[in-house]
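Me: I am new to this structure. Please show it to me, and then let us go through it.

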Amino acid sequence: GPSSSRIRRSINARNHADASEVHVTLSYVGDAVALDVQDDGVGFVDGAVTDRGSLTGGQGLSALGHRVESLGGELSIEARAGSGTVLSVLLPVAEA
């Protein structure tokens, strides 16, 4: 459910970003769903994430980017060293 997903993301943000707070927003934007995750962690220097790879050589951001693209969506990451990170995903809503 939503709470378990939020807990997992919060743990991930705390482990990788040293965040004390994580805000998750899910909303409809026209014919798409937008997910924004903002933390108050350590952030990173612009350009430190290339090709959606992570700072530590892990595959989390890269795998997320590939999943989002395979669903026809967009992933954006905004971060500054010492200022936290905002991760945004925009996915089209499939017609039933």
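**The sheet and its helix**

Reply: Four strands make an open, antiparallel sheet, in the order β1-β2-β4-β3. Strands here are DSSP runs of E, at least two residues, and helices are runs of H or I, at least four, numbered from the N terminus; two strands pair if DSSP finds at least two bridges between them. This is a predicted model, where local features need pLDDT of at least 70, side-chain atom pairs need 80 or more, and totals for chains, interfaces and linings use all residues. Residues are numbered from 1 along each chain as its sequence is written, and side-chain values use heavy atoms, without hydrogens and water.

Me: In β4, which residue is the bridge partner of Glu-78?

Reply: β3 and β4 (residues 85-92) pair in the antiparallel sense over six bridges. In β4, the partner of Glu-78 is Val-86.

Me: Which strands do the buried residues of α2 pack against?

Reply: Buried means under 20% relative accessible area, exposed over 50%, partly exposed in between (1.4 Å probe, protein chains only). The buried residues of α2 are Ser-62, Gly-65 and Val-68. They lie on the same side of α2, because their arc around the axis, taken from the directions to the C-beta atoms, is only 130 degrees. With contact meaning heavy atoms within 4.5 Å, they pack against β3 and β4.

Me: Which exposed residues does the opposite face of α2 carry?

Reply: That face is turned away from the buried side of α2. Its exposed residues are Gly-60, Arg-67 and Ser-70.
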